[in-house]
Amino acid sequence: MSVDEDVAAIKQTAADMLAATNQPGRAGAEGYASFMLPDGRLMPPEAPIVLGREAIADFVVGFTEMSDYRFGWEHPDVTVSASGDMAYSIGTYNGGGKDPEGNLIEFEGKLLHIWHRQPDDSWRTAVAVWNTDAPMTGR
């Protein structure tokens, strides 16, 4: 594949990952985790590293189970390694929902994903890092 084809494939994978994540409840959390490597890592703000698909799904379900949950992201900046087996994407995210007490929680910030090419030429996230532009509301 050419670099342009790899960039397009990663952007499409990020869009597919977002669509899977926007399912409500456990389905969204497992959808997100399915795009991570089995030993993938999340590095969320104000929390320890989350290791592995099951733990990632358990962490993400805290968002996808919120009432009125919504989430969006863009990965406009994708760089593929010279060897073509790794890449990273930089972008922004936003979302929100309501906590169990009905308080509105909104968040936005920036993100970094590190991608690994798989034997079938698909891409999966090895590491996802994000941090907020401002403190979450409702906390």
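This section describes the helices, the sheet and the aromatic pairs of a predicted model. Residues are numbered from 1 along each chain as its sequence is written, and side-chain values use heavy atoms, with hydrogens and water left out. Because the model is predicted, local features require pLDDT of at least 70 and side-chain atom pairs count only at pLDDT 80 or more, whereas totals for chains, interfaces and linings use all residues.

Secondary-structure elements were taken as DSSP runs numbered from the N terminus, with helices (H or I) of at least four residues and strands (E) of at least two. Helix α1 comprises 19 residues, 3-21, and at 1.5 Å a residue should span 27 Å; its end C-alpha atoms are 27 Å apart, which agrees. The expected span is 1.5 Å times one less than the number of residues in the helix. The buried residues of α1 are D6, V7, I10, T13, A14, M17, L18, A20 and T21. These residues cover an arc of only 160° around the axis, which places them on the same side of α1; the arc is that of the directions from the helix axis to the C-beta atoms. The face turned away from this buried side carries the exposed residues D4 and A19. Here, buried denotes under 20% relative accessible area and exposed over 50%, with partly exposed in between (1.4 Å probe, protein chains only).

D6 lies in helix α1 and is buried, with a relative accessible area of 2%. Not counting residues up to four places away in sequence, D6 touches M1, V80, R117 and W123, contact being defined as heavy atoms within 4.5 Å. T13 is also placed in α1 and counts as buried at 11% relative accessibility. Leaving aside neighbours within four places in sequence, T13 is in contact with F35, W115, W123 and R124. T13 and R124 are 111 residues apart in sequence, yet their C-alpha atoms are 8.0 Å apart in space.

Six strands form an open sheet of mixed pairing in the order β2-β1-β6-β5-β4-β3. Strands β2 (50-51) and β3 (67-80) stand at the edges, each with a single partner strand, so one side of each is left without a neighbour in the sheet. Two strands were taken to pair if DSSP finds at least two bridges between them. Strands β4 (residues 86-98) and β5 (residues 104-117) run antiparallel and are joined by 13 bridges; N94 has E108 in β5 as its bridge partner. By contrast, β1 and β6 run parallel and are joined by four bridges, with T125 in β6 the bridge partner of M36. Strands β1 and β2 pair in the antiparallel sense over two bridges, and the bridge partner of R41 in β2 is L51. These two strands, β1 and β2, form a hairpin with six residues between them, and E46 in the turn has a positive phi of about 55°.

Helix α3 (residues 53-64) lies across β1, β2, β3, β5 and β6, running at about 50° to β1. Axes are lines fitted to C-alpha atoms, for helices over the stretch in contact, and angles run from 0 to 180 degrees between N-to-C directions. In helix α2, the buried residues are G28, A29, G31, Y32 and A33, and they pack against α1, β1, α3, β3, β5 and β6.

The structure holds eight aromatic pairs. Y32 and W73 form an edge-to-face pair, 6.2 Å centre to centre with 65° between the planes. Y32 lies in helix α2 and W73 in strand β3, so the pair ties together parts that are 41 residues apart in sequence. Both Y32 and W73 are buried. F71 and Y93 form a stacked pair, 6.0 Å centre to centre with 25° between the planes. This pair links distant parts of the chain, with F71 in strand β3 and Y93 in strand β4, 22 residues apart. Y93 is buried, with a relative accessible area of 5%. Rings of Phe, Tyr and Trp (its six-membered ring) pair if their centres lie within 6.5 Å; planes under 30 degrees apart count as stacked, over 60 as edge-to-face and the rest as tilted. Y32, F59, F63, F71, W73, Y93, F107 and W130 form one aromatic cluster.
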